[in-house]
Amino acid sequence: MRPMMSNTFTVYAYDEWGYFNGETMEVPYNGGYPGPPARWTNVPVPQIPVGMYAVFDHVQWSLTSQPHPLPPTPESPVEEPVANSNEPPQVI
C-alpha cells in the first residue's frame, strides 16, 4: 500500500534582509495555488545550530554567524515651506 501524501506543504518566512524569522505556514496543495506570498519560500530551512542564523538569498538558505542587522531608522519628517508665515509648517 502506498503511503498517504499530505494535503499541505510548508512555507517559511524571512524578513527584508533574508533572515528566517521563525514563522512557518501550512499551505494546501491545489492546482490554483500561485506560490508563496512575498518573503515566504517553500525551500526548507536547514537545521540552525545555536549561535547561527539562516539567511535566504531567493534561491537557497545559508547559515551565518552574523546577527540580524538593526532595522533602518525612520526618516525625520520633512517640513514644507509655507506661503503664509502665520501658519505652522506642515509635516509630510
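User: Which residue in E2 stands opposite Phe 9?

Analyst: Val 27 in E2 stands opposite Phe 9. Before we go on, please note that this is a predicted model, where local features need pLDDT of at least 70, side-chain atom pairs count only at pLDDT 80 or more, and totals for chains, interfaces and linings use all residues. Residues are numbered from 1 along each chain as its sequence is written, and side-chain values use heavy atoms, with hydrogens and water left out.

User: How should I read the sheet, and what is the order of its strands?

Analyst: Strands of a sheet pair through backbone hydrogen bonds, either parallel or antiparallel. Strands here are DSSP runs (E, at least two residues), numbered from the N terminus, and two of them pair if DSSP finds at least two bridges between them. In this model, three strands form an open sheet in the order E2-E1-E3, with antiparallel pairing. Strand E2 (20-28) and strand E3 (40-41) are the edge strands, each pairing on one side only. Strand E1 (residues 8-14) is joined to E2 by six bridges.

User: And how many bridges join E4 to E5?

Analyst: Four bridges join strand E4 (residues 53-56) to strand E5 (residues 61-64), and the two run antiparallel. Tyr 53 stands opposite Thr 64 in E5. Their hairpin has four residues between the strands, and His 58 there takes a positive phi near 75 degrees.

User: How do I read a salt bridge, and which residues form one here?

Analyst: Side chains of opposite charge can pair when their charged atoms come close. The cut-off is a side-chain nitrogen of Lys or Arg within 4 Å of a carboxyl oxygen of Asp or Glu. The structure holds one salt bridge: Arg 39 with Glu 16, whose closest N and O atoms are 3.8 Å apart. The pair links distant parts of the chain, 23 residues apart, with Arg 39 in the loop between E2 and E3 and Glu 16 in the loop between E1 and E2.

User: What about aromatic pairs: why is the pair of Tyr 14 and Trp 61 called edge-to-face?

Analyst: A pair of aromatic rings is described by the distance of the centres and the angle of the planes. Rings of Phe, Tyr and Trp (its six-membered ring) pair if their centres lie within 6.5 Å; planes under 30 degrees apart are stacked, over 60 edge-to-face, and the rest tilted. The whole structure has five aromatic pairs. In one of them, the ring centres of Tyr 14 and Trp 61 are 6.2 Å apart and their planes are at 85 degrees, so the pair is edge-to-face. Ring pairs also link Tyr 14, Phe 20, Phe 56 and Trp 61 into a cluster.
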